[in-house]
Amino acid sequence: MSDAAAALREPWPDLDRQRQGVTVGIWLFIVSEVLFFGTLFLGYAVYRTLYPEAFRIAAAETEVFYGSVNLVLLLTSSATMTVAVDASRQGMRRTIIACLALTVLLGSAFLIFKGFEYRDDLAKDLLPGSQFPLNPPQTQLFWAFYWVMTGVHAIHLAAGIGIVAVLTWLFWRRLLPIGSPAILGVATYWHFVDTVWIILFPLLYLVDRS
Amino acid sequence: MSNRGRRPRVWVRPVVAWIVLILLALTSLGSAFIPLGPFNTALNLVIAGIMVVLLWLFLMDLIGSDALVRLIAAAGLLWISFMFALTFTDYLSRACESPGGGPPAFCVDQKIGRGTF
């Protein structure tokens with residue numbers, strides 16, 4: 001059985017249609033995610049408009065070093081993921097597995113750096129509540145958005161790492177044909193998680209740094 | 001064709017896109033430390049927007065996708081723009097003084113540049 005024939009699944013008549021189905025399906029999911037994160041961005045925008053001074057004071061406490069390193073890590077992981085997708089079209093099995101594994105490592109490095117950052121944030125008591133050290137009280141709004149938005153993003157990334165790891169294992173064990181369109185759906189999700197960080201970076205780390 | 005012969009073509013597009021995205025990220029980071037007043041945030045958000053468009057077009061391959069996929073992506077951006085426009089139409093047009101003498105509305109006080117309840 002050829003690789004294309006092995007990759008074909010019911011009810012698709014051919015692999016092109018199957019790829020189209022995967023792409024349309026994942027993009028419908030991505031749009032629902034855009035609206036999900038959009039509500040968080042909107043809430044942030046409304047409160048930052050209402051309390052610009054409080055947000056300026058609060059944002060000065062974020063760790064721009066960790067945010068920047070994590071941006072580079074995710075941008076690099078998007079590049080390796082794209083190489084894996086392009087390699088799957090060419091049937092380059094070893095390149096696919098290497099790039100997917102690299103993507104998992106880069107995503108994991110992001111979470112490790114995020115853990116270090118959370119540790120530093122907690123050491124400064126930057127969790128909204130009675131012990132919160134900043135004034136005025138609206139600074140807690142910024143930090144509430146910080147924890148929720150970065151936390152939800154980290155959950156999405158952790159899910160992505162798990163999915164990419166499973167895909168890598170399936171390709172490595174030859175349980176999934178190299179030409180399978182599944183990699184398209186996984187890659188699109190991964191790039192979307194990267195997209196969210198690109199937007200979060202200026203909102204959380206670059207506020208009034210000058 | 002050998003595996004080695006194909007490799008450069010596979011790497012070219014992602015690497016070029018990666019270099020451009022990293023340069024944009026560094027530009028955004030560097031500009032944040034230059035005092036530009038309100039333009040700092042605007043510039044950072046514009047650069048983030050350009051980065052997202054480049055990522056969606058060239059790494060998510062929206063540029064090579066079917067019209068249906070591009071339509072779905074555009075619809076998502078359209079709905080989110082409606083959400084922002086309608087919400088800010090409300091918040092930015094609320095009067096801070098309550099005509100009935102009751103508690104003031106959740107609004108933006110333009111004179112002092114801060115929000116008030």
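From the N terminus on, the elements of chain A run α-α-α-α-α-α-α. That comes to 7 helices and 0 strands. The model is predicted, and the predictor gives the complex an ipTM of 0.93 and a pTM of 0.91. Chain A meets chain B through 42 residues of chain A and 47 residues of chain B.

**Chain A as a whole**

- Chain A has 210 residues, and buried residues make up 45% of them.
- The C-alpha trace of chain A spans about 70 × 30 × 30 Å along its principal axes.
- Take the contacts in chain A with a separation of 6 or more: 79% of them join residues 24 or more positions apart.

**Helix 4 and helix 5 of chain A**

- Helix 5 of chain A covers residues 93–123.
- Helix 4 of chain A packs against helix 5 of chain A at an angle of about 165 degrees.
- The axes of these two helices are 8 Å apart.
- Angles over 145 degrees count as roughly antiparallel, so helix 4 and helix 5 of chain A are roughly antiparallel to each other.
- The crossing of helix 4 of chain A past helix 5 of chain A is left-handed.
- By class, the contact of helix 4 with helix 5 of chain A has 17 nonpolar, 8 polar and 2 charged residues.

**Where chain A touches chain B**

- In this interface, 42 residues of chain A are in contact with 47 residues of chain B.
- Four helices of chain A each supply at least two residues of the side that touches chain B: helix 2 (15–50), helix 3 (52–59), helix 4 (64–90) and helix 7 (182–205).
- Helix 2 of chain A gives the largest share of that side, with 13 residues.
- Sorted by class, the side of chain A that touches chain B has 23 nonpolar, 14 polar and 5 charged residues.

**Confidence in chain B**

- Chain B has a mean pLDDT of 84.
- In chain B, 76% of the residues reach a pLDDT of 70 or more.
- Confidence in chain B is highest in helix 2 (residues 39–59) of chain B, at a mean of 96.
- Confidence in chain B is lowest in strand 2 (residues 114–116) of chain B, at a mean of 53.
- Where pLDDT is low, the predicted coordinates should not be read in detail.

Key: Residues are numbered from 1 along each chain as its sequence is written. Chains are lettered from A and ligands numbered from 1 in the order in which they are written. This is a predicted model: local features need pLDDT of at least 70, side-chain atom pairs count only at pLDDT 80 or more; totals for chains, interfaces and linings use all residues. Two residues are in contact if their C-beta atoms, placed from the backbone, lie within 7 Å. Ala, Val, Leu, Ile, Met, Phe, Trp, Tyr, Cys and Pro count as nonpolar, Asp, Glu, Lys and Arg as charged, and the others, Gly among them, as polar. A residue is buried if 20 or more other C-beta atoms lie within 10 Å of its own, exposed if 12 or fewer, and partly exposed in between; C-beta atoms are placed from the backbone. pLDDT is the predictor's confidence in each residue, from 0 to 100. Axes are lines fitted to C-alpha atoms, for helices over the stretch in contact, and angles run from 0 to 180 degrees between N-to-C directions. Angles under 35 degrees count as roughly parallel, over 145 as roughly antiparallel, 65 to 115 as roughly perpendicular and the rest as oblique. A crossing is left-handed if the near helix is turned anticlockwise from the far one by less than a right angle, and right-handed if clockwise.
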